[in-house]
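Colleague: I am new to this one. Take me through the spaces inside and the packing around them.

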Amino acid sequence: MQKTNVSQTRWLLSPQLAPEAEVLLFCFHYAGGHAGIYRDWQKKLPVQIGVCPVQLPGRSNRFTEPFHTDLSVLIRELAEALLPNLNRPFALFGHSMGALLSFELARYLRKHYGIKPLHLFAAGHHAPHLPDPGEAIHHLPDAEFLQGLRTLNGTPQELFDHAENEEILQMLLPMLRADFTICETYQYEDEEPLECGLTAIGGRQDPDVTVEHMEAWKKHTRASFHMHMLQGDHFFIHSEQKELLSIVESTLQSYLVGNRGIG
């Protein structure tokens, strides 16, 4: 088994990748989230699909590390860290901010290393060439920023459900501000469409990310494109997990069947 150094393993929730996996699925979380939201996916997907939750700096086991606010720097570091694990078929899944990271990572890997994922799953985020449908809040003073978080649909509601979480919220404020800075300062640059298949997945009750926003992802692939709108709001990734994983599994199994020369 290939040795992986500490600088690489800190990016992955499970540094020891399953040797029996035929395709690796790198998963990127939403703003204010962490890799743990994907912790139970491996139990619910076949062993042929190796789930690799990606942990960004400044949270959970990387709590003491500085946050990233520059997307280009984050993508470069991500690519360098994950590169040793990209010697077998892989796919990218991202929700909300994670969809943006997955998209730009796929483009960076193509440009700098000449490699591509089997597939890109973009969930809960408008196509990157479209303007952000919401007003920017990352630059606001703490009180106004917190109020903005309360009125937006992009932050887990459990943070606001109990008064005792206010102290926790204050601790998480720098991380949330950093993540929102990445999303709200993103500048799309036009490039050739990706060569991998792309699946866009949205929530029917998400007030900010519409069907049109998800359909627009079609522009970014010259391969197969599919769109699914699931029940639920922005966080359908949790409420509709069973259906979401069914989409992921069936999509990746089609590649595995093809690679085995079956069918």
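Colleague: Which residues line the second largest cavity?

Modeller: This is a predicted model. In it, Phe26, Leu82, Leu86, Phe90, Leu92, Leu105 and Leu109 line that cavity. Strand S3 (90-95) and helix H4 (97-113) each give two or more residues to the lining.

Colleague: What makes these residues count as lining the second largest cavity?

Modeller: Lining residues have an atom within 4 Å of a grid point of the space. Phe26 and Leu82 are among those that line the second largest cavity, so each has such an atom.

Colleague: How do you know which classes the lining of the second largest cavity has?

Modeller: Leu and Phe count as nonpolar. The lining has seven nonpolar, no polar and no charged residues.

Colleague: What is the class make-up of the lining of the largest cavity?

Modeller: There the residues divide into five nonpolar, no polar and three charged. Arg110, Lys116 and Glu195 are among the lining residues, and Arg, Lys and Glu count as charged.

Colleague: Why is a space called a cavity and not a pocket?

Modeller: In a cavity a 1.4 Å probe fits but cannot get out, whereas a pocket is an open set. Two cavities of 30 Å³ or more are counted. The second largest pocket holds about 410 Å³ of space. Among its 16 lining residues, Leu71, Ser72, Glu104, Gln187 and Glu189 are the closest to its centre. H4 gives the largest share of that lining, five residues.

Colleague: What does the largest nonpolar core hold?

Modeller: It has 54 residues. Phe26, Phe28, Leu78, Leu105 and Trp217 have the most contacts inside it. H4 gives the largest share of this core, nine residues. Another core, of 25 residues, lies apart from it, with Val23, Trp41, Leu245 and Ile247 among them.

Colleague: Which residues is Phe26 in contact with, leaving aside neighbours within four places in sequence?

Modeller: Among them are Leu12, Cys52, Val54, Asn85 and Phe93. Contact here needs heavy atoms within 4.5 Å.

Colleague: Which residues of helix H5 (residues 142-151) are buried?

Modeller: Phe145, Leu146, Gly148 and Leu149 are buried.

Colleague: How do you know that the buried residues line one face of H5?

Modeller: Seen down the axis, they fall within an arc of 160°, so they line one face of the helix. On the other side of H5, Ala143 and Thr151 are exposed. Exposed needs over 50% relative accessible area, so both pass that cut-off.

Terms used: Residues numbered from 1 in each chain as written. Predicted model: local features only at pLDDT ≥ 70, side-chain atom pairs only at ≥ 80, totals over all residues. Heavy atoms only, no water. Buried < 20%, exposed > 50% of the residue type's maximum accessible area, 1.4 Å probe, protein only. Helix = DSSP H or I, 4+ residues; strand = E, 2+ residues; numbered from the N terminus. Arc of directions from axis to C-beta. 1 Å grid on protein atoms, 1.4 Å probe; cavity = no way out; pocket = protein on both sides within 12 Å on 5 of 7 lines; lining within 4 Å. Points joined across faces, edges and corners; volume = space filled by probe spheres on them. Core = buried A, V, L, I, M, F, W, Y, C linked by side-chain atoms within 4.5 Å.
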